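My entries follow in the order in which I looked things up.

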Amino acid sequence: ALDVELRKVFKVFNGETAVRGVDLNIHQGEFFSILGPSGCGKTTTLRLIAGFESPSAGEVLIQNQSMTHVPPYRRPVNTVFQSYALFNHLTVWENVAFGLRIKRLPKAAVADRVKGALKLVKMESYANRFPTQLSGGQQQRVALARALVNRPAVLLLDEPLGALDLKLRKEMQVELSNLHQDLGLTFVMVTHDQEEALSLSDRISVMHEGKIEQIGTPSEIYERPQTAFVADFIGDTNLFRGRVIASEGSDLQVLTDNKMKIFVQKQESTPVFQSQDSVVVSVRPEKIKLSFESPCVKSNCFAGQLKNVMYMGTHVHCLVELDSGDRMTVMQANNFATLPDVNQPVYVYWNTHDCLAL
Ligand code: ADP
Ligand code: MG
């Protein structure tokens, strides 16, 4: 069943278009992320679902009901903001109870639900504290409880972990994931953190300049990006711009702007190219092999100089400057007895099925 539906939604602010024709179908119980760089329209999209903004064109539906004339407080959704937006003069308990009191729920019901919500986020023992007496992670848990106490069908989260330091952020990611599993609610999360989106989501929509570039599962987005923007934004990649010089058979032949000849094995998701079409080839750093002697491979092997080696524990991160002038990032499993010296000749090579044409 569909929980949230956006149909050709636009939002214009003072002549500037923040959201340009967004279509979304978010399913019931899904953990759905909206991922993209700062300013691409993520928050505006979430606010359109919440009802804090109304679309300049297009339609927003929640549980198959048009939301056009429904104010935020009547929508079956609640939002958790990055800033928490807690009331500092109220205790944790009062913060969580606030919305229910406004709805004039009976006292006993309020008490029941506040207790339940605080239990969900493991904050029962902090009920009498004030927000300023809590850590960032605890404040975020209270903000979650305050949204969940209303029993929304859809929980909207705008960069919910953005204010937390890295270690706490990782811990809260696990808690968010557990909470989603326990509650079975639809989560719609906005983030600019690709790792966070990849690790938490059932599906991700990648946004760029107000538009959706691609929607898919984390592995689809990572393994089969459909545009150069998505390939570049999700994880590290090496991009080569060039033209298609031959398209017959199972391989596409590409001549890059710097005269490298790259063979790309066609896959189901590879677009149809004609000779002379411009193309971008994407090669992930972990798919590239490194050799200090000329390897016995026929294609996609290029000579260069090792320019930088960074020890990363389980992996070694290498920067290679090719004879073509291109620079490549190469990620190697750390099988080196000692780290290789820089400024020595090196070869990089990769399989034709380990690169993509976009
Ligand atoms: P993101 O959350 O992806 O960083 P936003 O949705 O906040 O992006 O903003 C998208 C664009 O819309 C930005 O250029 C921003 O300046 C503009 N914008 C957002 N809200 C408003 C507003 N209330 N008034 C004018 N411009 C806005
Ligand atoms: Mg934002």
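**Entry on α2 and α3.** Working with a predicted model, I looked up helix α2, residues 92-102, and helix α3, residues 107-120, and noted that their axes come within 10 Å and cross at roughly 130°. An angle over 145 degrees would count as roughly antiparallel and one from 65 to 115 as roughly perpendicular, and I therefore wrote down α2 and α3 as oblique to each other. I also noted the hand of this crossing, which is right-handed where α2 passes α3. The contact is made on the α2 side by W93, V96, A97, L100 and R101, and on the α3 side by V110, R113, V114, A117 and L118. When I sorted the residues of this contact by class, I had eight nonpolar and two charged, with no polar residue in the list.

**Entry on α2 and α4.** I then asked myself at what angle α2 and helix α4 pack. For α4, residues 136-148, I found an angle of about 30° with α2, and the two axes are 8 Å apart. Angles under 35 degrees count as roughly parallel, so I recorded α2 as roughly parallel to α4. The crossing of α2 and α4 is right-handed. Here α2 contributes V92, N95, V96 and G99 to the contact, while α4 contributes V142, A145 and R146.

**Entry on the domains.** Next I looked up how the chain is divided, and I found domain 1 at residues 2-228 and domain 2 at residues 236-357. Between the C-alpha centres of domain 1 and domain 2 I noted a distance of 39 Å.

**Entry on ligand 1.** Which residues are around ligand 1? I listed F13, N14, A18, G36, S38, G39, C40, G41, K42, T43 and T44. Helix α1, residues 42-50, gives the largest share of this shell, with three residues. Sorting the shell around ligand 1 by class, I counted seven polar residues, three nonpolar ones and one charged one.

Conventions. Residues numbered from 1 in each chain as written. Chains lettered and ligands numbered in written order. Predicted model: local features only at pLDDT ≥ 70, side-chain atom pairs only at ≥ 80, totals over all residues. Axes fitted to C-alpha atoms, helices over the stretch in contact; angles between N-to-C directions. Helix = DSSP H or I, 4+ residues; strand = E, 2+ residues; numbered from the N terminus. Left-handed = near helix turned anticlockwise from the far one by under 90°. Contact = placed C-beta atoms within 7 Å. Nonpolar A, V, L, I, M, F, W, Y, C, P; charged D, E, K, R; others polar. Domains from an automatic or database assignment. Near = placed C-beta within 6 Å.
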